[in-house]
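Subject: Structure for your review

Dear colleague,

Please find below the structure that I am handing over to you. A summary of what was found in it comes after the structure itself.

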Amino acid sequence: MVQPALAQHIAALRRYARALLGDRIEADDLVQDCLTRALSRAHLWRPGTDLRAWLFTILHNIHINNLRSRRVHVAANEDLSYGRNARTMAAPPDQDARLELRDLERALDRIPDEQRQVLLLVGMEGMSYDEAARVVGVPIGTIMSRVARGRDALRRSMMVTEPALENPAGDGRVRHLRRVK
Amino acid sequence: MALPIDEHELHLYVDEHLGEERRRAVEALLRDRPEVAARVSDYRHQNELMRQLFNPAGNAPPTSDQERLLQALGKRLGRGRLAALWRPAMAAAAGLILAATLGAVGTEYYDERTTATVEPMPSFADTAARVHSFYAGGASEPTEFGADAAGKLGPLLDKRLGAPLKLPDLSQKGFSLVGGRLLPAVEGAAAQLLYRDQAGRLVSVFLGPADKTRLTATQVAERKNDLSLYAWLDGRIGVAVVGGLSGDELRGIAEAAQHSLLPPPNGARPDDRPNAGSDKNPHQDASRT
């Protein structure tokens, strides 16, 4: 019997992992590693404390370790496309909305991983800055500045589209400067 | 508007973490400053887009491996503190020879129907030594609470042992707290606090109910399996300091522990009553169990 709260947390972990990594299989692996480690450390969790923060902290630590070892790997192979590829998402009916989502996805791709983590935890998961600070293991002031820088970067990226960068395939489509709302 | 709005507050507003007063202050600012209002609106829209983009991934059916792990984790967490308390007993059932000692921390309770008749219940000191050997020996996670959370062990123990208690400070001896764990005892609970020095040597302070008839307000120094141990009765609580150190070194650490706990009755200190090496030492009997 899985507690409802736990099931919700797992959905959040999977959403977060997918947003971090882009790739479905890598995200599933990350969540699986997280659950495996959580199980082996279940005795360390104290009832009454924040289960979500505990699970996210475990997932975050595994992700950071993976990134570190991957960086070595990347340097050796000059493969710079790690992780952030081959997204699949449900296509919304509206074309503009779909483009907007794709813009956001690309904008997220371009910001540093540490800003992306914090934006997702705070903005998508609705964590308090304090909770995010505990998950990521940095002071709350660092969380605040990452949120501010990350959001500005996303905003700039979504307002201005440079065709040469945006359409390396050269499909000739030029998108207009778009303001949301 | 009392205070100017700073950038961080704007983001706290976006994420709805501001209190009523500051929220109103930000809203007043946004009415005057359309360019700031546009930014806030964009930031909120980013949050919404992220959820739209990734919710499907979160709501998709988990893989079978994830499902299996999820079930197991739910069970483990559901058992909660109870599981934490009984884990040592389960480990013993797996052949680790620990359950009997842990179950018998309070030796006043003695049930002949469930105990092999000849062996006496293990002594408090013996239990402390075994707990230390078990958890410091790498057989399991050494601690249940990290050093930062171990502060909560104090109040927990207060309640369970019925006496105010603070965690011993061994920093003068070069040992810092690694963490601790609660353990079941026949009466209430016991706790093991694990300390480590720069060289990585481990010392446990074991606190729990002790049999007054077997552990009087004296100290015991023992060497069994290269362990040194000092134990004494602090009011109603038994305290044992145990580690793989020389008897002299451990005595100093035991003194430091005693100093930082409640002052013992009559101001007794470990070196006031060094172990007489008496042949009546009850712990030597128990050591065979």
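Predicted model: local features only at pLDDT ≥ 70, side-chain atom pairs only at ≥ 80, totals over all residues.

**Contact between chains A and B**

The contact draws 45 residues from chain A and 42 residues from chain B. On the side of chain B that touches chain A, at least two residues come from each of α1 (7-14), α3 (34-59) and α4 (64-96) of chain B. The largest share of that side is supplied by α3(B), with 17 residues.

**Helix α4 of chain A**

Helix α4 of chain A covers residues 95-110, and its 16 residues should span 22 Å at 1.5 Å a residue; the end C-alpha atoms lie 23 Å apart, which agrees with that expectation. Which residues of α4(A) are buried? They are A:L101, A:D103, A:L104, A:A107 and A:L108. Viewed down the axis of α4(A), these buried residues fall within an arc of 155 degrees, so they line one face of the helix. Their packing partners are α5 (113-124) and α7 (140-159) of chain A, together with α3 of chain B.

**Strand β7 of chain B**

Strand β7 (residues 237-243) of chain B is mostly covered, with seven of its seven residues buried. In a regular strand, side chains alternate between the two faces of the sheet. In β7(B), B:I237, B:V239, B:V241 and B:G243 point one way, while B:G238, B:A240 and B:V242 point the other way, and all are buried.

Strand β4 (residues 202-209) of chain B pairs with β7(B) in the antiparallel sense over seven bridges. Strand β6 (residues 227-234) of chain B also runs antiparallel to β7(B) and is joined to it by seven bridges. B:V239 of β7(B) has a place in each pairing: B:V239 is the bridge partner of B:L207, and B:W232 stands opposite B:V239.

**Residue B:E16**

B:E16 lies in the loop between α1 and α2 (20-32) of chain B. Its phi is near 60 degrees, a positive value in a residue other than glycine. Most residues other than glycine have a negative phi. B:E16 counts as exposed because it has 10 C-beta neighbours inside 10 Å, and the cut-off for an exposed residue is 12 or fewer.

With kind regards

Methods: Residues numbered from 1 in each chain as written. Chains lettered and ligands numbered in written order. Contact = placed C-beta atoms within 7 Å. Helix = DSSP H or I, 4+ residues; strand = E, 2+ residues; numbered from the N terminus. Expected span 1.5 Å × (residues − 1). Buried ≥ 20, exposed ≤ 12 C-beta atoms within 10 Å, placed from the backbone. Arc of directions from axis to C-beta. Pairing = 2+ DSSP bridges.
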